[in-house]
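Hello,

Here is the structure I promised to pass on to you. Have a look at it first, and then read my notes below.

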Amino acid sequence: MSTNLDLKQTEKASYRLAAFGDGTADLTLGLSYILLGLYPISRAAFGPLLNAAFFLVVLYGIVFLTALIRKKLGPSRIGIVEFGDRIKKRGRYLTIITAILAALMILTWFLSSRDQFPDTSGWLGGYGFEFVVSLIVLVILVGGLAYTLGVRRYYFYGVLLAACFPLQAFLPFYEGAPFLAAGAIITFSGVVILARFLKKYPPLDEEEVS
Amino acid sequence: MADEQKNPNPVSGLDQLIHAPARLNIITQLYVVESADFIFLKNLTGLTWGNLSAHLSKLEDAGYVEVEKTIVNKKTHSVAALTNTGRAAFEAYKQKMMEVLDK
């Protein structure tokens, strides 16, 4: 047992365990990447506007499903913790930034569906401005998480995400392939973390000790 | 200076209730959160149920920690939180410890 007097690190460690310990955040991210990889197919199938709606519905489905897994597993295995004002304030900032960035994404998808952007197919492989904005949004969120909370594997995820963009522009075959590959890697990582979590933290019942 | 001559061992001036490694671990964990249940504390401190409960009782008796017990699905669920006294005591301990280490 070590006594850790670095309070910021202790706080981060508590938050990491509560928020990222079970791998469900990785699963959310990985499955979202896979969804992004399917974007060209769904866009061809549904058209730009319907595809944006489809994308959002499935994305929220993924978020809901992983949140449900977390709620089912977390309390009995790692317990329940309420964080202080500093972390809550950071959470609020993160929520506001995420909401602004998500609104920006939706706006660009909408404008794109109305052909409000110039043709960028020459350098984007046919997938326009909304794709670039979505990528920037995800890179900011993933990088921000890695930096502020010290979840180091998220730097790797950020690199994977950044690499997807140039790869999809230059690959001669299916443009969504890099995202599918990155999504599969991150989802696999999430499954491994979840399996380790289940092994390391069996369900506990509080014992009465007098 | 006069204090040092009377009390040459500066560590003896530390709050011994907090200074014990297990209790320092518990109180540090509680200091960075608003509240945590016993399962979370057990996982983070690595203590056994018996140890955790015993140390929390001592901290509770000193007024440093507040424990709220509820029954959820016929099982006891205990949530611990630092009191204002506990928070102040830990801050004083931290200050004292830094002074000791700086000497």
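Before anything else, a term: two strands pair if DSSP finds at least two bridges between them. Strands (E, at least two residues) and helices (H or I, at least four) are DSSP runs, numbered from the N terminus. This is a predicted model, in which local features need pLDDT of at least 70, side-chain atom pairs count only at pLDDT 80 or more, and totals for chains, interfaces and linings use all residues. Residues are numbered from 1 along each chain as its sequence is written, while chains are lettered from A and ligands numbered from 1 in the order in which they are written.

Now to where the chains meet. Strand 1 of chain A and strand 1 (residues 33-37) of chain B run antiparallel, joined by three bridges. Within strand 1 of chain B, B:S35 is the bridge partner of A:E82.

The contact involves 22 residues from chain A and 26 residues from chain B; residues are in contact if their C-beta atoms, placed from the backbone, lie within 7 Å. On the side of chain A that touches chain B, helix 1 (7-20) and strand 1 (81-83) of chain A each supply at least two residues. Helix 1 of chain A gives the most, with four residues.

As for chain B, its secondary structure comes to six helices and three strands, in the order α-α-α-β-α-α-β-β-α along the sequence.

How confident is the predictor? Chain B averages a pLDDT of 84, where pLDDT is the predictor's confidence in each residue, from 0 to 100. The model scores ipTM 0.75 and pTM 0.74.

Best wishes

Key
Two residues are in contact if their C-beta atoms, placed from the backbone, lie within 7 Å.
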